Amino acid sequence: MACCFLCRIAEQVKTEVGDVSILVNNAGVVCGKTLLELPDEGIEKTFAVNTLAHFWTVKAFLPGMLANNHGHIISIASIAGHYGGVGLCDYSASKFGAVGFEECLRYEIRRTEKLGIYTTAAYPWIISTGMFEGFSPKEGWLLPPLEPQHAVNSIMHGILTNREVVFVPGILNFFTFLKPVLPMDAMWAVVKFFGIDTAMDTFKGRKKQE
């Protein structure tokens, strides 16, 4: 099982390097298909990488952090963990799971009163790494893809200042306040205005290495 494998790797790291004090969960995959188009194995892979991996890595390294009362766990999720979109069923659901996991983890660590352990969850917009190549929202000029260095700088600032939540860009934080108060028809209008209902129609994704 993945958890057992990671536990063995964790023990190897602790033996060869020492206790891990910074853990970054940054891996991510996306299929880019609607629910009925998604292959079953694609759904399982998306959740294995985007959600379950957080469980296994944290279970492997959190005990050492608790014992030392020292550590920082960084979860790179996505704004798609707060909002859904057409063609993002598996990806968005997996990121919703990652967001919920990080929130629960934050509270569980706080209850231990281990003040030397921090968590930071990052919720970026699309980053121009090629992962979402072809994603084309209608009003893309309003929220263009982030340059990787800009995303890194914003997230690193959040880590270094021990912020628990980092939205990139910061304006996305405002939209999360709208969702609970807007009726569903209004939310659908927002989705259509930004073209999130058709943005994945031209999705290509990252090209595979030869």
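Author: Let me start with a term: buried means under 20% relative accessible area, exposed means over 50%, and partly exposed lies in between, with a 1.4 Å probe and protein chains only as cover. This is a predicted model, in which local features need pLDDT of at least 70, side-chain atom pairs count only at pLDDT 80 or more, and totals for chains, interfaces and linings use all residues. Residues are numbered from 1 along each chain as its sequence is written, and side-chain values use heavy atoms, with hydrogens and water left out.

Reader: Okay, is Glu113 buried or exposed?

Author: Glu113 is exposed, because its relative accessible area is 64%. Glu113 sits in the loop between α3 and β3 (117–124), and its phi is near 60°, a positive value in a residue other than glycine.

Reader: And what about Asn69, where does that one lie?

Author: Asn69 lies in the loop between α2 (40–68) and β2, and although it is not a glycine, Asn69 has a positive phi of about 50°. With a relative accessible area of 34%, Asn69 counts as partly exposed.

Reader: Stepping back, how many helices and strands does the protein have?

Author: There are 6 helices and 4 strands, where helices (H or I, at least four residues) and strands (E, at least two) are DSSP runs numbered from the N terminus. Read from the N terminus on, the elements run α-β-α-β-α-β-α-β-α-α.

Reader: Which strand pairs with β2 in the parallel sense?

Author: Strand β1 (residues 22–25) pairs with β2 in that sense over 4 bridges, and pairing requires that DSSP finds at least two bridges between the strands. Val24 stands opposite Ile74 in β2.

Reader: New topic: what is His82 in contact with?

Author: Leaving aside neighbours within four places in sequence, His82 is in contact with Phe96, Val99, Tyr123, Phe167, Thr176 and Lys179, where contact means heavy atoms within 4.5 Å. His82 is found in the loop between β2 and α3 (89–112), and it counts as buried because its relative accessibility is 18%.

Reader: Last one, which residues does a cis peptide bond join?

Author: That bond joins Val168 and Pro169, with omega about -5°, and Pro169 has its place in the loop between β4 (165–168) and α5 (172–178).
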